[in-house]
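Q: Could we go through this structure slowly, so that I learn how to read helix packing and buried cores?

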Amino acid sequence: KSKKKHILSMRFFVLLLLSVAPVCSAMRVAVTGTTGLLGRQVVERLSKKNIKVNALLRHPIDNSETPSIDKDAKSSQVALYLSNLPGVTMVAGDATDLASCKQLVDNCDAIIAAHGPVKPPPIQSLFRLLPESDPVHSRSVNYVAVQNLINVVKDSTTCKRIVRVTGKGEAPTDFFTVLINMLGNMAKAWNYEGEQLLRSSGVDYTIIRPGVMGRNDIPTKKVRALADNGQDLKVTAVTHSQIAELCCDCLDYSNAAKSTLTAMNVDEGLGEDSYAPLLAEVNPDSREFPSTLLEEHKKGARNGAVILAAFLAVFVSASVAVLKSISGLVLGIFH
């Protein structure tokens with residue numbers, strides 16, 4: 001009798017495994033910002049987890065390139081490397097184009113939106129020479145593209161979740177916010193407006209506000225920290241690998257839907273080794289976020305530009321005075 005019960009329980013366990021396995025292997029995630037420093041790590045991590053990927057790519061694959069995912073690799077090298085990973089399908093298009101987004105999310109369960117605007121020439125941004133309607137402007141990339149993704153998710157029968165990587169942007173007069181807005185075609189401003197599109201969309205979203213990405217020479221053991229509800233944490237350096245990990249892992253936590261997560265590092269030993277225990281405690285957004293901060297961001301950037309212009313005027317004036325003094329001294333010596 002005991003042996004029979006054991007056999008029955010084993011059969012039940014096997015059937016349970018068989019019923020779950022196809023669901024896991026069938027999962028497909030769409031990714032934007034594919035060849036960026038964050039996006040490339042997101043795609044690679046998903047592939048390693050045996051999750052199929054639709055990766056959006058703006059330029060054709062160049063098979064003459066040397067495949068590479070190194071930090072200094074060209075986009076064409078990264079694209080070729082990622083296209084050869086198991087389960088990865090490259091989809092030609094741009095997130096600012098609605099038709100491309102529709103093709104991208106075909107048969108997908110979720111989207112990880114890791115795209116961001118390219119850094120513009122400072123003069124172009126300072127004097128607002130690039131129209132907001134231009135596909136590479138921050139408005140197009142951080143706002144219009146997000147609206148496109150929301151629209152296709154609403155029309156999709158399979159895709160129900162958007163993970164969007166943004167940044168801290170609720171303090172329009174913060175020094176670094178003003179600087180980034182001045183030199184980045186209002187990137188912070190449009191990032192926040194894109195967040196608000198998600199919050200008001202009715203779609204399940206997870207907004208991730210990371211620290212400063214770029215450095216890899218930082219401790220990574222027991223340093224991870226999260227704050228939900230868009231709460232503030234001290235700004236620190238984080239790695240692209242950490243945020244890629246968070247983007248992928250949060251898909252496993254239904255409680256992280258409709259949440260805004262600030263992701264920073266803390267002193268070694270005070271945080272967690274992985275995001276799992278932190279994500280398990282996440283709650284959906286409950287506070288009321290400002291409906292828009294666009295005008296405050298623009299005002300901050302304008303004031304910053306005035307201060308910068310005044311500083312440059314003083315600097316130039318002082319430089320001219322110094323040059324005149326030096327010139328006078330030189331002329332005096334020779335006379």
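Q: In which hand does helix 2 pass helix 9?

A: Before the answer, two remarks on the source: this is a predicted model, in which local features need pLDDT of at least 70 and side-chain atom pairs count only at pLDDT 80 or more, while totals for chains, interfaces and linings use all residues. Residues are numbered from 1 along each chain as its sequence is written, and side-chain values use heavy atoms, with hydrogens and water left out. Helices are DSSP runs (H or I, at least four residues), numbered from the N terminus. A crossing is left-handed if the near helix is turned anticlockwise from the far one by less than a right angle, and right-handed if clockwise; here helix 2 passes helix 9 in a right-handed crossing.

Q: At roughly what angle do the axes of helix 2 and helix 9 cross?

A: Axes are lines fitted to C-alpha atoms, for helices over the stretch in contact, and angles run from 0 to 180 degrees between N-to-C directions. The axes of helix 2 (residues 39-48) and helix 9 (residues 240-249) cross at roughly 50° and come within 9 Å. Helix 2 is therefore oblique to helix 9, given that angles under 35 degrees count as roughly parallel, over 145 as roughly antiparallel, 65 to 115 as roughly perpendicular and the rest as oblique.

Q: Which residues of helix 2 meet helix 9?

A: Contact means heavy atoms within 4.5 Å. Gln41, Val42, Arg45 and Leu46 in helix 2 meet His240, Ser241, Ala244, Glu245, Cys247 and Cys248 in helix 9.

Q: Which residues touch the most other members of the largest nonpolar core?

A: In soluble globular proteins, nonpolar side chains tend to be buried together. A nonpolar core is a set of buried Ala, Val, Leu, Ile, Met, Phe, Trp, Tyr and Cys residues joined through side-chain atoms within 4.5 Å, where buried means under 20% relative accessible area, exposed over 50% and partly exposed in between (1.4 Å probe, protein chains only). The largest core has 36 residues, of which Val42, Leu46, Ile112, Leu226 and Ile243 touch the most other members. Helix 9 gives the largest share of this core, 5 residues. Leaving out residues up to four places away in sequence, Leu46 touches Val29, Val31, Ile51, Val53, Ile112 and Cys248.

Q: Is Asn148 buried or exposed?

A: Asn148, found in helix 6 (residues 138-155), counts as buried because its relative accessibility is 8%.

Conventions: Helix = DSSP H or I, 4+ residues; strand = E, 2+ residues; numbered from the N terminus.
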